[in-house]
Amino acid sequence: MTDVAERSEANVGRVLHRKEDAKLVTGQSTWTDDIQLPGMLHIGVLRSPMAHARLARVDVAPALEQPGVVAAYSGADLADEWVMGLPCAWPVTEDMVAPDHWPVATDEVRFAGDTVAVVVARDRFSAADALEHVDVDYEPLEPVVDMEEALRDEVLVHSEHGTNKCFVWPLETGDVDAAFSGADVVVKRRYIQQRLIPNAIEPRAVVVDPTTASGEYTLYSATQVPHFVRIQMALVLGIPEHRLRVVAPDVGGGFGSKLNVYAEEAIALAVARRLGRPVKWTETRSENYQATIHGRDQIQDIEIAASSDGVLRGLRIDLKADMGAYLQLLTPGIPLLGAFMYCGIYKMDAYSFTCTGVFTDKTPTDAYRGAGRPEATFAIERIMDDLAAELGVDPMELRRRNWIQHSEFPYDTVAGLTYDTGNYEAATDRAMELFGYDELRAEQARRRESGDRVQLGIGISTYTEMCGLAPSRVLGSLRYGAGGWEAATVRLLPTGKVEVVTGISPHGQGHETGFSQIAADALGVDFDDVDILHGDTRVAPTGLDTYGSRSLAVGGVAVHKAAERLIDKMRRFAAHELEAAEDDIEFDRGTFRVRGDPDSSTTIQDLSLSVFTAHDLPEGVDPSTAAEYVFDPENFSFPHGTHLCAVEVDTDTGAVHVRNYTCVDDCGTIVNPQLVEGQIHGGITQGMAQALWEEAIYDELGNLTTGTIVDYYVPGAPDVPHFTTDTTQTPATTNPLGVKGVGEAGTIASTPAVVNAVLDAVRHLGVDDIRMPCSPERVWRAVHDAGQQTGQDLSDDTAGGRL
Amino acid sequence: MIPAPFEYVRVGSVDEAVDALSEHGEEATLLAGGHSLLPLMRLRLAVPEVLVDLGRVDELRGVRDAGDHLAVGAMTTHHQVMSDPLVREHCGVLAEVTGEVGDPQVRHRGTIGGACAHGDAAGDHPACLLALDATMVARDPGGTREITAADFFTGIFETALAPDEVLTEVHLPKLDGSWGFDYQKFQRVKQAWAIVGACALVRREDGRIGEARVGLTNLGSVPVRATGTERLLAGAAAEPDALREAAAQAAEGTQPPTDSNARPDYRRHLARVLTLRALQNSLAS
């Protein structure tokens with residue numbers, strides 16, 4: 001136990017090293033794949049090599065003859081296991097098309113990677129070998145891969161529905177036509193959000209134990225959302241919810257890809273139920289690329305209207321979003337999370353947004369870090385640069401003319417949200433100073449003037465995001481299938497130690513550290529005396545898990561509120577013990593005192609022991625030293641920041657070198673600066689990867705041609721520059737901690753900052769668009785096609801290849 | 001990683017390796033560092049029935065001074081090659097090129113022999129060895145033969161090695177101080193293969209270029225020499241215009257592949273740009 005003097009320093013706001021790390025860096029963690037149960041069998045999943053085919057015959061008999069094989073099932077064999085198909089929890093419109101999505105396909109396969117059959121063997125190697133002996137007759141059907149082609153409804157993904165259109169979702173505020181007809185300038189663009197692969201370092205894995213003494217099923221899964229998995233799997237398999245325990249052991253990253261409920265979880269439960277033995281399935285990286293959800297994949301047609309002095313009037317968005325072949329847990333809702341963010345930090349009179357969801361014969365899409373908001377932020381931040389170029393003003397100046405002033409908060413945006421607070425001026429001023437904006441502009445001018453082979457570009461992204469998902473009532477109005485609250489229980493143990501139970505499900509963020517800081521400060525106990533329990537529906541039965549930068553802004557606040565509630569409870573015991581009126585009891589840093597009588601006091605730890613013994617309690621009060629709080633936020637939170645990027649573009653080769661990246665983020669009150677910085681670093685890198693490197697490419701037959709990490713360019717440390725980061729802290733006014741969340745900020749901000757920088761480097765050469773990722777070939781061709789070629793002979797063949 | 005089933009044979013000497021290959025014929029594949037073979041086996045694109053592991057054949061490791069040339073054992077790792085004093089002194093270009101392979105983990109496992117026998121025109125070694133006029137030494141039951149680098153790389157992932165032949169050594173010329181060199185590797189991310197690479201060796205002679213050799217990575221199904229460039233530079237003045245004129249011929253006669261990174265015209269363009277840069281740096285080095 002630390003003494004009072006040492007404890008007096010607040011934990012919140014300080015760098016405290018992550019509690020989680022010692023275990024992780026010494027290999028003591030327990031990933032789902034580490035779990036070994038007696039008699040455990042291993043599942044292999046046969047996946048379709050074709051994007052679209054009828055399953056004329058699936059014969060598992062030859063696989064059953066292979067060594068070590070215990071069972072093998074076709075989709076038909078398992079059909080009676082399912083009470084319903086895999087659910088989509090976000091039917092965004094009343095008439096949304098929601099095709100059946102069975103864990104194992106029975107009649108047709110609709111993307112390369114769709115499940116065809118299941119083999120169960122004594123070890124995973126035998127299972128993998130036996131998969132090659134399942135006999136399948138695929139009758140090829142024409143696939144549809146391109147979204148716009150799919151919208152013609154000539155080739156159908158789900159023929160029984162007669163259309164590839166999943167839904168159309170509109171939003172309109174203000175008089176859009178008037179805003180556009182009265183505008184001096186209208187800029188219209190099409191931006192392509194390429195498809196991305198989330199690439200969590202730990203692949204998905206599932207273990208099911210059906211052999212527990214109490215007769216329940218325990219499902220271990222590498223998931224972000226054990227509570228969602230429990231509910232959905234209970235429904236899909238008809239297992240009573242109280243008979244299904246879901247555990248998320250140590251989970252190695254998710255980025256949204258584990259915010260889902262997957263076929264393999266259902267398959268593992270079904271096989272375990274059939275065989276009465278524990279089973280395991282672990283994904284290979286190749287399977288991860290095909291069968292775990294992808295992100296983005298949208299076509300954005302955007303139009304912005306402004307007056308000649310650069311004041312924004314209106315914005316029109318026509319969005320097409322690729323669902324892939326099926327709806328996963330939140331697939332159709334993801335693009336709609338962007339619907340409210342296209343206006344960014346700017347004021348304008350009118351806004352219209354239409355999103356069309358489209359089925360194609362590709363891997364389903366769903367939440368990927370930022371989920372809808374990076375796409376929206378990219379579009380508005382890019383078109384602000386394009387508009388600035390059109391108007392001939394500095395892009396930052398254009399932003400200043402239009403953003404919500406600090407004095408104008410709270411502000412009701414044109415998209416219908418209320419931004420509680422923010423200070424775009426402060427973050428921008430600090431970022432520009434750290435970045436050396438004026439000096440870099442001067443260097444840019446020199447390079448342009450001298451016709452330097454290497455041109456310099458400066459990219460801006462003054463982003464905001466809505467996070468802390470979410471107010472339940474708002475989610476209800478969007479037809480989301482759940483609420484957005486989060487639960488916490490704070491328990492004082494007899495020896496004065498503290499257990500905090502959270503419904504948040506960490507997978508790398510450092511919640512155990514951050515939440516310990518919050519609880520330690522609220523209770524006045526030592527940081528090391530707090531343990532955070534999570535990720536097991538038996539331990540933390542109430543919760544809505546981790547996604548949408550909600551853990552701190554919703555779950556952390558719940559911890560704080562539960563701790564406050566516990567202090568109130570303990571205050572009654574203190575009053576009784578100190579023989580004073582409850583109103584006269586003061587609580588400060590772990591000690592209860594009688595007001596005006598400094599000698600009359602007791603510590604929270606001593607009090608905990610005395611309540612535990614329950615020898616002398618106030619009348620009618622039960623001896624509980626625990627308190628629960630379920631926090632439902634009144635509003636989203638709105639982190640913001642200014643990200644500035646300087647790139648060098650080699651006009652001879654098209655190579656882009658990121659020279660400088662500076663950002664100042666405002667995520668409200670900071671609990672632990674090191675956790676914030678870590679999130680920002682990773683976030684920037686992931687967003688930069690979309691700008692420059694990553695792209696999931698399908699050929700016209702629906703084959704994923706970037707099927708391994710060799711072809712899909714995930715950047716490493718040598719590929720990114722040093723990041724200069726700083727923060728401003730404008731506390732959120734909608735929660736008592738003033739926190740906003742930071743998990744997605746870097747990713748949301750960085751993609752447009754980088755692409756804007758690339759374009760800024762070559763815009764004077766006549767280039768106004770380069771598709772992401774801005775690969776060297778695309779940059780070089782853009783420069784070359786703009787007629788500013790580098791003097792080389794380029795007359796030879798340009799045929800073939802995909803760009 | 002779950003490859004298809006295979007039989008595993010560990011050999012302790014080159015003779016044992018040759019015997020194993022003779023016994024199993026085309027079903028057998030040699031395992032060196034495994035950094036090309038194992039990923040292919042993981043994807044079941046390579047399904048050898050017998051894997052002959054050279055990992056403990058010590059006679060294949062190390063660099064020795066063989067008088068007029070260096071002899072590098074086929075199982076010498078990239079890390080050993082790039083940090084070997086003899087290589088650095090006499091054949092610095094190979095140290096530089098090897099330093100561009102993969103990442104430190106790859107370089108501590110991957111071997112020069114494996115990189116050559118894999119026959120990947122997108123790999124960094126083939127173009128360099130071609131420019132060096134290196135010689136490959138192979139042994140089969142009948143004895144030892146030497147194969148020039150130019151004859152060694154025969155097609156897409158194909159080499160002149162017979163199924164029962166073991167690549168034992170790579171012979172490198174000793175280059176004196178009159179040679180400058182540079183390798184320009186152009187890639188998407190640091191760990192990726194080269195979209196195009198240009199390896200230049202230039203011998204300076206009284207302010208002129210005595211001889212220039214340029215090997216190009218990933219510009220065809222096999223590594224190629226920029227013969228047009230080399231021809232123009234032989235005896236040319238070491239001046240910018242001469243280099244530029246010569247580099248413009250770098251892609252002459254090549255048949256570059258198409259992939260998601262580059263169509264052929266862009267690859268040819270890169271070959272010219274990178275060749276020029278490699279030549280300029282070679283003269284400056």
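Let's start at A:Glu154, which sits in the loop of chain A between helix H6 (147-150) and strand S7 (165-173). Keep in mind that this is a predicted model. A:Glu154 is exposed, with a relative accessible area of 63%.

A:Val83, A:Met84, A:Ile231 and A:Leu235 make a nonpolar surface patch of about 330 Å².

Now for the charge pairs. Side chains of opposite charge can pair when their charged atoms come close. Over all chains, the structure holds 85 salt bridges. A few of them deserve a stop on this tour.

Take the salt bridge between A:Asp322 and A:Arg195, with an N to O distance of 3.6 Å. This pair links distant parts of the chain, since A:Asp322 belongs to strand S14 (residues 312-324) and A:Arg195 to strand S8 (residues 185-196), 127 residues apart. Are the two partners buried or exposed? A:Asp322 has 1% relative accessibility, so it counts as buried. A:Arg195 is at 3% relative accessibility and therefore counts as buried too.

Next up is A:Arg373, whose side chain meets that of A:Glu744 in a salt bridge at 2.7 Å, N to O. Here the partners are 371 residues apart and again link distant parts of the chain: A:Arg373 is in helix H12 (residues 373-391), while A:Glu744 is in the loop between strand S28 (723-727) and helix H21 (745-762). Both A:Arg373 and A:Glu744 are buried.

The pair of A:Asp529 and A:Lys497 joins two loops. Their closest N and O atoms are 3.0 Å apart, in a salt bridge. A:Asp529 lies in the loop between helix H17 (511-523) and strand S21 (530-533), and A:Lys497 in the loop between strand S19 (486-492) and strand S20 (498-502), which puts them 32 residues apart. The two ends get separate labels here: A:Asp529, at 10% relative accessibility, counts as buried, whereas A:Lys497 is partly exposed, with a relative accessible area of 32%. Over on chain B, salt bridges that share partners join B:Asp133, B:Arg203, B:Glu205, B:Glu211, B:Arg213, B:Arg225 and B:Glu230 into one network.

Last, the cysteines. A disulfide is a covalent bond between the sulfur atoms of two cysteines. How many disulfides does the structure hold over all chains? The count is zero. Two cysteines of chain A show how the distances work out. For A:Cys88, the closest cysteine sulfur is in A:Cys166, 7.4 Å away, so the two are too far apart for a bond. The cut-off that matters here is 2.5 Å between the sulfur atoms. A:Cys88 counts as partly exposed because its relative accessibility is 22%. A:Cys467 has its closest cysteine sulfur in A:Cys667, at 9.0 Å, and that is too far for a bond as well. With 0% relative accessibility, A:Cys467 counts as buried.

Definitions and conventions:
Residues numbered from 1 in each chain as written. Chains lettered and ligands numbered in written order. Predicted model: local features only at pLDDT ≥ 70, side-chain atom pairs only at ≥ 80, totals over all residues. Heavy atoms only, no water. Helix = DSSP H or I, 4+ residues; strand = E, 2+ residues; numbered from the N terminus. Buried < 20%, exposed > 50% of the residue type's maximum accessible area, 1.4 Å probe, protein only. Salt bridge = Lys/Arg side-chain N within 4 Å of Asp/Glu carboxyl O. Patch = residues over 30% accessible without salt bridge, like charges linked within 9 Å, V, L, I, M, F, W, Y side chains within 5 Å. Areas by Shrake-Rupley, 256 points an atom, 1.4 Å probe, with all protein chains shown as cover.
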